[in-house]
Amino acid sequence: MLATKKRGDHGYRKTLGELLKHVSEQDLRLPVEQNQQGRLSLSRKEEKQRQQQKQRQQNSLVKVNKVSITPTSIRLEHPKNETANRVLRHFKNDLNRFLRVQFIDENESRIHNSFRPQHNHNLLYRRIERVLRYGIDIHGRHYTFLAFSSSQLREHGCWFFSDTEKLTTDDIRTWMGDFSRDNVVAKYAARMGQCFSSTQEVANISCKEIMKIPDIKRNGYTFSDGVGLISQKMAKDVIAASYRGYIRPLASAFQVRLGGAKGGLLGKNKKLALRDSQIKFESKHKKLEIIRSASPSPTYLNRQVVLLLSSLGVGDEIFLTLLSNMKEQLDKVLTDPIHCAATLRANGDEFGIYGNMARLVDRGFLEAKDPFITNLVQMFRVSKLREAKKKAKIHVPNAITVMGVLDETNTLKENQIFCQLSARKKKNRVIKGPCVLYRSPSLHPGDIRMVEAVDCPDLHDLYDVVVFPQQGSRDLPSMCSGGDLDGDIYSIIWDSRLFPAIRDTKPMNHQPIESPKVEGSVSINDIKRFFVDYIINDNLGQIANAHMAIADNSSQDAFDLTCISLAKLHSEAVDFPKTGAVAILENRHRPTRYPDFMEKTDKLTYTSKKILGQLYRAIEATEFEKYRDQLQFDIKYDPRMFVEGMVKYIWSAREQKKQYDQNLRELMNQYGIATESELLSGSIVNWLKREDGPDKFHETRYEVRREVTRLRDEWRRVHFPGLPSGKNHRRKSFKVTQEDKCKAAAFYYVTYHHSEQYKYKKKRKPMLSFPWLAQEILCRLARENHSFNERIDTIPELDIMSFGRNSGGNKRKSTSTATATIPDDTTTEDIANSSTASSMTDE
């Protein structure tokens with residue numbers, strides 16, 4: 001029997017009439033049943049493609065156990081999804097016996113060396129050595145050291161494994177390959193770590209499909225260092241077999257792993273071709289693995305580049321103007337939707353998050369002050385301002401950052417480059433004229449190069465890469481901070497204001513120093529000792545900080561002789577994981593005081609008058625310190641989202657929202673993210689957990705965006721199988737059923753309607769992203785029902801019913817009043833007629 005209650009009570013009202021009777025007679029299907037019916041609308045071919053896509057995703061991501069070891073404790077971490085590697089894929093039946101181990105300080109930061117001689121870390125390092133030597137016992141299992149990747153080594157982490165009767169750590173290392181030709185411990189460890197690179201497996205390659213081609217060498221330099229070729233047909237197969245976030249629909253080059261080979265592959269050949277500089281060890285593994293594809297990204301200056309350009313004669317006013325323009329553009333994103341959408345697309349990320357935000361802005365939700373998209377855009381703005389202050393990350397509009405490849409046609413002359421940028425709706429653009437070329441990190445003035453960008457018809461089939469010549473006395477990549485072509489990223493600036501006044505600076509010789517070798521073959525104990533030695537001597541960050549502080553305090557800037565020495569020392573420290581040669585930071589290299597922008601509160605500091613100090617003080621910390629107070633939660637139900645028939649989905653939508661919100665909170669807790677808006681936008685303003693170093697920051701942000709995208713794709717695939725996901729996330733045409741519209745409307749209702757807000761505690765802000773899983777459908781409803789907004793102030797309320805189930809059985813029970821607004825002269829039949837559409841196109 002229906003209860004009669006006043007508005008605000010969570011029950012039903014008599015005004016429902018025949019609508020309530022009609023709805024109450026319908027069978028309330030469980031979410032799974034709804035999903036199964038939704039799947040019936042897909043063809044067998046589409047369903048097969050989706051299942052294949054799901055399988056690729058599962059092969060790309062694995063849930064890994066992790067342990068953090070501090071000086072006084074062993075902390076068991078929550079298992080986390082990570083991109084798989086070839087070892088985990090091959091031994092997937094024993095996946096739960098692999099363990100990621102990381103050595104950290106008590107405050108969860110990396111273990112750092114101290115300049116102070118009275119600090120003795122011998123006890124700490126002996127603890128690390130003991131763990132590596134004797135292993136770890138956890139819940140009845142004994143884990144021993146296996147290996148580490150290069151990125152793990154930088155984080156002071158490694159892999160452990162718990163042996164079984166049929167599989168041991170020695171068996172795994174034997175399967176990985178033959179590393180015996182290297183008697184340099186560091187290089188041997190790096191070769192093993194190659195098998196633990198995070199990759200996506202895309203194709204099986206037979207030996208007949210692989211050919212070897214010679215490297216191009218001259219004057220002791222390898223112009224083709226790290227780059228090979230791939231056929232265009234195979235490149236298309238790679239793209240077709242990829243999972244979203246790894247490969248762009250159009251890609252000219254890839255960073256890959258193939259057996260014992262690594263590096264870049266350029267799509268400009270009839271077969272897959274490898275060079276000797278790419279083959280690092282022998283392996284029977286013949287599956288092509290992709291790390292990423294070549295894709296352009298916006299160029300941002302950083303402190304090191306600003307310091308070098310300023311030292312080379314670029315005026316302070318140029319940087320201040322760029323920062324002022326950037327601030328002005330960021331301030332406009334909240335008030336100018338057209339500018340906002342263009343800015344988001346210009347900062348496109350590899351997972352399409354900013355593109356999805358731009359589409360919501362295009363549909364008018366920012367202008368309507370929808371709190372979800374408003375908060376996402378606000379986080380984008382605030383995170384950029386924070387990075388500008390803390391790291392001098394200043395956007396350069398007339399610039400691009402792309403992967404480097406080789407001119408296989410031998411057309412480009414010395415000091416020439418070719419760069420063609422793809423465009424969404426316009427003609428591709430070829431960069432022409434003088435340009436600044438560099439690669440991060442850069443500390444030596446000679447790392448900034450002036451080159452000539454030219455048009456080359458023979459290279460017009462390549463785009464979103466920078467093509468380097470194979471002519472000249474020295475290869476250009478090695479002049480840029482000792483770079484090569486195995487996937488390195490280079491920035492190109494054609495803004496003449498940033499052209500250096502001093503252009504004859506000689507590049508530094510980045511040739512690595514001689515590595516210490518062992519007699520006989522390298523043992524696993526040698527690898528363990530090297531791991532501890534690396535942690536003891538890991539001073540890369542200290543060298544970079546010393547260089548910045550001394551350059552700022554010197555009248556010669558980066559040309560100061562101490563800075564030149566530190567630049568060479570920094571190059572040695574970068575190569576330490578491959579050479580094993582320690583870069584020793586002497587007392588004469590250490591600064592006595594630090595500029596204010598470095599925020600060394602425990603050191604002697606001064607107010608810097610140079611450009612980095614000016615940029616630092618040009619942005620007030622108040623712009624981002626209280627960013628949570630700027631979030632909007634003025635939630636208003638949009639009547640355009642009403643669809644007849646959505647009532648029977650409201651109960652299940654409530655339950656699904658609880659689960660979805662819980663999934664988001666788990667990710668927020670795992671990565672230490674304070675707000676839903678930061679998580680969903682990928683623009684993290686403040687990490688609750690410490691993320692030391694720029695590499696770790698970028699890697700963790702990438703993980704966050706990947707996990708959010710994975711979660712979104714999973715929910716869309718289950719609840720809205722007709723919508724694009726995975727590699728088809730940019731597909732324009734897709735089918736939407738009336739049931740999809742009803743479910744999307746129900747998702748929106750349980751998130752936005754005022755009658756649903758009672759469940760939120762005062763201290764817990766509502767989570768708003770749930771309905772936007774079906775953002776294409778909501779955009780369609782807003783467009784179809786746009787006339788509803790014209791008389792929104794005069795729209796009366798109509799009560800509709802939602803169902804609930806009590807915990808004691810299957811008896812239907814009314815739990816709350818669900819209300820939606822419709823025009824007083826529009827019937828529910830009219831709404832149904834205006835909402836039917838079998839397909840839609842998202843522009």
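Which residue in S6 does Phe 98 stand opposite? In the predicted model examined here, the residue opposite Phe 98 is Phe 161 in S6. The two strands concerned, S3 (residues 98-103) and S6 (residues 157-162), are joined in the antiparallel sense over five bridges.

Both strands belong to an open sheet of six strands, arranged in the order S2-S1-S3-S6-S5-S4 with mixed pairing. The edges of the sheet are formed by strand S2 (74-83) and strand S4 (136-138), each of which pairs on one side only. On average, and with direction ignored, neighbouring strands of this sheet are turned by 40° against each other.

Nonpolar side chains in soluble globular proteins tend to be buried together. In the present model, the largest nonpolar core comprises 115 residues, and the most contacts inside this core are made by Leu 301, Phe 319, Ile 373, Leu 498 and Leu 679. Helix H23 (residues 738-752) gives the most to this core, contributing nine residues. Apart from residues up to four places away in sequence, Leu 301 touches Val 306, Leu 309, Phe 319, Leu 322, Ala 392, Lys 393, Ile 394, Val 396, Tyr 438 and Ile 493.

Methods
Residues are numbered from 1 along each chain as its sequence is written. This is a predicted model: local features need pLDDT of at least 70, side-chain atom pairs count only at pLDDT 80 or more; totals for chains, interfaces and linings use all residues. Side-chain values use heavy atoms; hydrogens and water are left out. A nonpolar core is a set of buried Ala, Val, Leu, Ile, Met, Phe, Trp, Tyr and Cys residues joined through side-chain atoms within 4.5 Å. Buried means under 20% relative accessible area, exposed over 50%, partly exposed in between (1.4 Å probe, protein chains only). Helices (H or I, at least four residues) and strands (E, at least two) are DSSP runs, numbered from the N terminus. Contact means heavy atoms within 4.5 Å. Two strands pair if DSSP finds at least two bridges between them. Axes are lines fitted to C-alpha atoms, for helices over the stretch in contact, and angles run from 0 to 180 degrees between N-to-C directions.
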